[in-house]
Amino acid sequence: MTEYDLLPTDLDRIAAVVAEQGFDAVDPGLVDAVVHRALARGASITIAEVAADTAEPAVARLRAFGRLAVAAARPAPDRLLTAA
């Protein structure tokens, strides 16, 4: 797997392409990067499995990927500010 350092603008662009053209229009490494980033920020493994499962209906995969993109946009857990 290729490692990508994703910016919030990258997440928006990737999600837009997936929504408009489907998963085949995006490099699988980018999809994997979104999934891994989302999981690192607390996204559900079940949602990631739905997004990755080609046997699932396209609409279910797209909705799951949308939720992953939202989770991936969250700050990393180690970057969250804590009250002093």
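Asp27 caps the N-terminal end of helix H2, with a side-chain oxygen placed 2.8 Å from the backbone nitrogen of Gly29. The model described here is predicted.

| Helix capped | Capping residue | Backbone nitrogen | Distance |
|---|---|---|---|
| H2 | Asp27 | Gly29 | 2.8 Å |

**Helix H2.** H2 comprises 13 residues, and the distance from its first C-alpha to its last is 18 Å, close to the 18 Å expected at 1.5 Å a residue. Its buried residues are Gly29, Leu30, Val31, Ala33, Val34, Val35, Arg37 and Ala38. These buried residues pack against H1, H3 and H4. After H2 comes Gly42, which has a positive phi near 95°.

When neighbours within four places in sequence are set aside, Val34 is in contact with Leu6, Leu11, Ile14, Phe65, Leu68, Ala69 and Ala72. Arg37 also lies in helix H2. Is Arg37 buried or exposed? Arg37 is buried, because its relative accessible area of 18% falls under the 20% cut-off. Not counting residues up to four places away in sequence, Arg37 touches Leu6, Leu11, Ala72 and Arg74.

**The nonpolar core.** The largest nonpolar core contains 21 residues, and those with the most contacts inside it are Leu6, Ile14, Val34, Phe65 and Leu68. The elements contributing two or more residues to this core are helix H1 (8-21), helix H2 (28-40), helix H3 (45-52) and helix H4 (58-72). Which helix gives the most to this core? H2 does, with six residues. Val34, named among the residues with the most contacts inside the core, has Leu6, Ile14, Phe65 and Leu68 among its contacts.

**Helix H3.** In H3 the buried residues are Ile47, Ala48 and Ala51. Viewed down the axis of H3, they fall within an arc of 100°, so they line one face of the helix. An α-helix has 3.6 residues a turn, so residues three or four places apart point the same way. The buried residues of H3 pack against H2 and H4. On the face turned away from this buried side are the exposed residues Ile45, Thr46 and Glu49.

**The aromatic pair.** The count of aromatic pairs comes to one. Phe23 and Phe65 form this pair in an edge-to-face arrangement, with 5.5 Å centre to centre and 85° between the planes. Phe23 lies in the loop between H1 and H2, whereas Phe65 belongs to helix H4, so the pair ties together parts that are 42 residues apart in sequence. Both Phe23 and Phe65 are buried.

**Gly66 in helix H4.** Gly66 also lies in helix H4. Gly66 is partly exposed, with a relative accessible area of 30%. The C-alpha atoms of Gly66 and Ala16 are separated by 9.3 Å, although these residues are 50 residues apart along the chain.

Conventions
Residues numbered from 1 in each chain as written. Predicted model: local features only at pLDDT ≥ 70, side-chain atom pairs only at ≥ 80, totals over all residues. Heavy atoms only, no water. Core = buried A, V, L, I, M, F, W, Y, C linked by side-chain atoms within 4.5 Å. Buried < 20%, exposed > 50% of the residue type's maximum accessible area, 1.4 Å probe, protein only. Helix = DSSP H or I, 4+ residues; strand = E, 2+ residues; numbered from the N terminus. Contact = heavy atoms within 4.5 Å. Expected span 1.5 Å × (residues − 1). Polar contact = N/O pair within 3.5 Å; in protein donor to acceptor, adjacent residues only side chain to side chain. Arc of directions from axis to C-beta. Phe/Tyr/Trp six-rings, centres within 6.5 Å; stacked < 30°, edge-to-face > 60°.
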